[in-house]
Amino acid sequence: MTILALDCGNKTGWALWGGAHVTSGVQDFTPRPTDVPGLRWSRFTAWLLLMSENAECIVSERWTRAPGIAGKISAGFITRIEEHCATHGATHVEVSPAELKRWLTGDGNANKLQMMSEVRHRRWTDKLALSDDEADALALLHFSLAQMA
């Protein structure tokens, strides 16, 4: 089974597992000054199609009704994931941020540094310049693999 884990935001962390090894990174969807409204969503949709070509499952953090622009961005990405999964026959699994933090660190209120430290401690990456977005995507991926075991 191929799993794509996404920590959605302007800088979307991603981790992809195809059964043999994990690849991960960050894709930047921050609007450029010359972008027309809606281009962020078009860029995300096109990227998602490429990244999830063989994915049977897409895992993301559950939208928590964040206020302001963060909530709009999160909801926008999640709706595109749901639409993609519906039209391509993939499963979409959402994990609450508190559940993920509790599973990884033992603390449902863990901060970004604690999450990044635990991802490094578990040797899920050897990157020295690990972002919190990529760390969250790696945590989501390994959480979903643990749930399948």
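Guide: Start with a definition: helices and strands here are DSSP runs, numbered from the N terminus. The model is a predicted one. Just after helix α3, G106 takes a positive phi of about 90°.

Visitor: Which residue other than glycine has a positive phi, near 60°?

Guide: The general idea is that most residues other than glycine have a negative phi. In this structure R123 has a phi near 60°, a positive value in a residue other than glycine. R123 sits in the loop between α4 and α5.

Visitor: Is R123 buried or exposed?

Guide: A residue counts as exposed when its relative accessible area is over 50%. R123 has 73% relative accessibility, so it counts as exposed. T64, in the loop between β4 and α2, is exposed as well, because its relative accessible area is 52%. T64 and R123 are 59 residues apart in sequence, and their C-alpha atoms are 29 Å apart in space.

Visitor: Back to helix α3. Which of its residues are buried?

Guide: In general, an α-helix has 3.6 residues a turn, so residues three or four places apart point the same way. Helix α3 covers residues 97–105, and its buried residues are P97, L100 and L104. Seen down the axis of α3, these residues fall within an arc of 65°, so they line one face of the helix.

Visitor: What do the buried residues of α3 pack against?

Guide: They pack against two strands, β4 (57–61) and β5 (91–95), and against two helices, α4 (112–121) and α5 (132–148).

Visitor: Which residues touch the most other members of the largest nonpolar core?

Guide: To read a core, look for buried nonpolar residues joined through their side chains. The largest one here has 23 residues, and I3, V59, L100, V119, A139 and L141 touch the most other members. At least two residues of this core come from each of β1, β2 (11–17), β4, α3, α4 and α5. The most come from α5, which gives eight.

Visitor: What is V59 in contact with, leaving aside its neighbours within four places in sequence?

Guide: With those neighbours left aside, V59 is in contact with I3, L4, A5, L6, V93, V95, L140 and S144.

Visitor: Where is L4 found, and is L4 buried or exposed?

Guide: L4 is found in strand β1. The cut-off for buried is under 20% relative accessible area. L4 has 0% relative accessibility, so it counts as buried. Not counting residues up to four places away in sequence, L4 touches W14, A15, L16, L48, M51, S52, A55, C57, I58 and V59.

Visitor: What about A5: is A5 buried or exposed?

Guide: A5 is in strand β1. A5 counts as buried because its relative accessibility is 0%. Leaving aside neighbours within four places in sequence, A5 is in contact with G13, W14, A15, V59, A137, L140 and L141. A5 and E134 are 129 residues apart in sequence, and 9.7 Å apart in space from C-alpha to C-alpha.

Visitor: R43 is a charged residue. Is R43 buried or exposed?

Guide: R43 is found in helix α1 (residues 39–51). R43 has 17% relative accessibility, so it counts as buried. Beyond its neighbours within four places in sequence, R43 is in contact with D28, F29, T30, P31, R32 and D35. For R43 and F29 the C-alpha to C-alpha separation is 7.2 Å, and they are 14 residues apart in sequence.

Visitor: Last, the largest pocket. What is its volume, and which residues are the closest to its centre?

Guide: The largest pocket has a volume of about 520 Å³. It is lined by 25 residues, and D7, C8, E61, K112 and D136 are the closest to its centre. The elements that give two or more residues to the lining are β1 (3–7), β4, α2 (68–88), α3, α4 and α5.

Visitor: Which element gives the most to the lining of the largest pocket?

Guide: That is α2, with four residues. By type, the lining divides into 10 nonpolar, six polar and nine charged residues.

Conventions
Residues are numbered from 1 along each chain as its sequence is written. This is a predicted model: local features need pLDDT of at least 70, side-chain atom pairs count only at pLDDT 80 or more; totals for chains, interfaces and linings use all residues. Side-chain values use heavy atoms; hydrogens and water are left out. Buried means under 20% relative accessible area, exposed over 50%, partly exposed in between (1.4 Å probe, protein chains only). The arc is that of the directions from the helix axis to the C-beta atoms. Contact means heavy atoms within 4.5 Å. On a 1 Å grid over the protein atoms alone, a cavity is a set of points where a 1.4 Å probe fits but cannot get out, and a pocket is an open set with protein on both sides within 12 Å along at least five of seven lines; lining residues have an atom within 4 Å of a point. Grid points are joined across faces, edges and corners, and a volume is the space filled by probe spheres set on the points. A nonpolar core is a set of buried Ala, Val, Leu, Ile, Met, Phe, Trp, Tyr and Cys residues joined through side-chain atoms within 4.5 Å.
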